[in-house]
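Here is a short report on one protein chain. Look at the fold first, then read on for the details.

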Amino acid sequence: MCEDERVVLSLLDDEYAREILKETSVEPLSAKALTERCDASPPTIYRRLDRLQEQNLVVERQRIASDGNHHAVYSATFERAVVELESGDLAVDVFVRDDPADQFTHLFEELR
């Protein structure tokens with residue numbers, strides 16, 4: 001098992017990371033909203049968000065408020081993980097949703 005696979009399994013074993021994934025799979029949320037929904041301190045949420053982003057399990061976007069201010073919101077891209085054990089080897093395959101911006105780019109490129 002490679003280091004990235006270990007990191008993903010570690011994240012999925014982490015209560016706060018799982019809560020962040022669950023909450024952000026429903027709707028994009030700010031770190032402040034995640035702090036409240038996950039009953040965790042802001043540093044805990046930001047550490048988990050950093051680790052989740054490093055593994056491409058969440059994506060950060062800027063949301064513009066009606067007053068013109070903007071803030072970061074996070075959305076889960078994680079769909080599922082498959083763990084396989086075969087002949088003494090453990091492998092983890094992680095499946096993520098394409099970023100909607102990437103989907104639009106691919107669609108546009110196909111139209112050319």
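## Ground rules

A residue is called buried when its relative accessible area is under 20%, exposed when it is over 50%, and partly exposed in between, using a 1.4 Å probe and counting protein chains only. At 15% relative accessibility, Asp14 therefore counts as buried.

This is a predicted model, in which local features need pLDDT of at least 70, side-chain atom pairs count only at pLDDT 80 or more, and totals for chains, interfaces and linings use all residues. Residues are numbered from 1 along each chain as its sequence is written, and side-chain values use heavy atoms, with hydrogens and water left out.

## The overall fold

The chain holds five helices and four strands. Helices (H or I, at least four residues) and strands (E, at least two) are DSSP runs, numbered from the N terminus. Read from the N terminus, the order is α-α-α-α-β-β-β-β-α. The chain has 112 residues, and 31% of them count as buried.

## Asp14 and its partners

Asp14 sits in the loop between α1 and α2. Which residue forms a salt bridge with Asp14? The partner is Arg48, and the closest N and O atoms are 3.0 Å apart. Asp14 lies between α1 (3–13) and α2 (15–26) while Arg48 lies in helix α4 (residues 42–54), so the pair ties together parts that are 34 residues apart in sequence. A salt bridge here means a side-chain nitrogen of Lys or Arg within 4 Å of a carboxyl oxygen of Asp or Glu.

Is Arg48 buried or exposed? Arg48 is buried, because its relative accessible area is 14%. The side chain of Asp14 also has a polar atom 3.0 Å from the backbone nitrogen of Tyr16.

## Other salt bridges

The count for the structure comes to five salt bridges. One of them joins Glu19 and Lys22, with the closest N and O atoms 2.8 Å apart. Both residues lie in helix α2. They are three residues apart, about one turn of the helix. Glu19 counts as partly exposed because its relative accessible area is 23%.

Arg37 forms a salt bridge with Glu27, and here the closest N and O atoms are 3.1 Å apart. This pair links distant parts of the chain: Arg37 is in helix α3 (residues 31–37), and Glu27 is in the loop between α2 and α3, ten residues apart. Arg37 has 41% relative accessibility, so it counts as partly exposed. Glu27 is partly exposed too, with a relative accessible area of 33%. Glu23, Glu27 and Arg37 are linked in a network of salt bridges.

## A nonpolar patch

Which residues make the nonpolar surface patch? They are Met1, Val83, Leu85 and Leu90, and the patch covers about 360 Å². Patches are made of residues with over 30% relative accessible area and no salt bridge; like charges are joined within 9 Å, and nonpolar side chains (Val, Leu, Ile, Met, Phe, Trp, Tyr) within 5 Å. Areas come from the Shrake-Rupley method with a 1.4 Å probe, and for residues only the protein chains shown count as cover.

Take Leu85. Leu85 lies in strand β3 (residues 78–86). Leu85 is exposed, because its relative accessible area is 67%.

## A charge over a ring

The charged end of Arg80 sits over the ring of Phe95, 4.1 Å from the ring centre. The rule asks for NZ of Lys or CZ of Arg within 6 Å of the ring centre and within 35 degrees of the ring normal.

Notes. A polar contact is a pair of N or O atoms within 3.5 Å; within protein, one must be able to donate a hydrogen and the other to accept it, and residues adjacent in sequence count only if both atoms are side-chain atoms.
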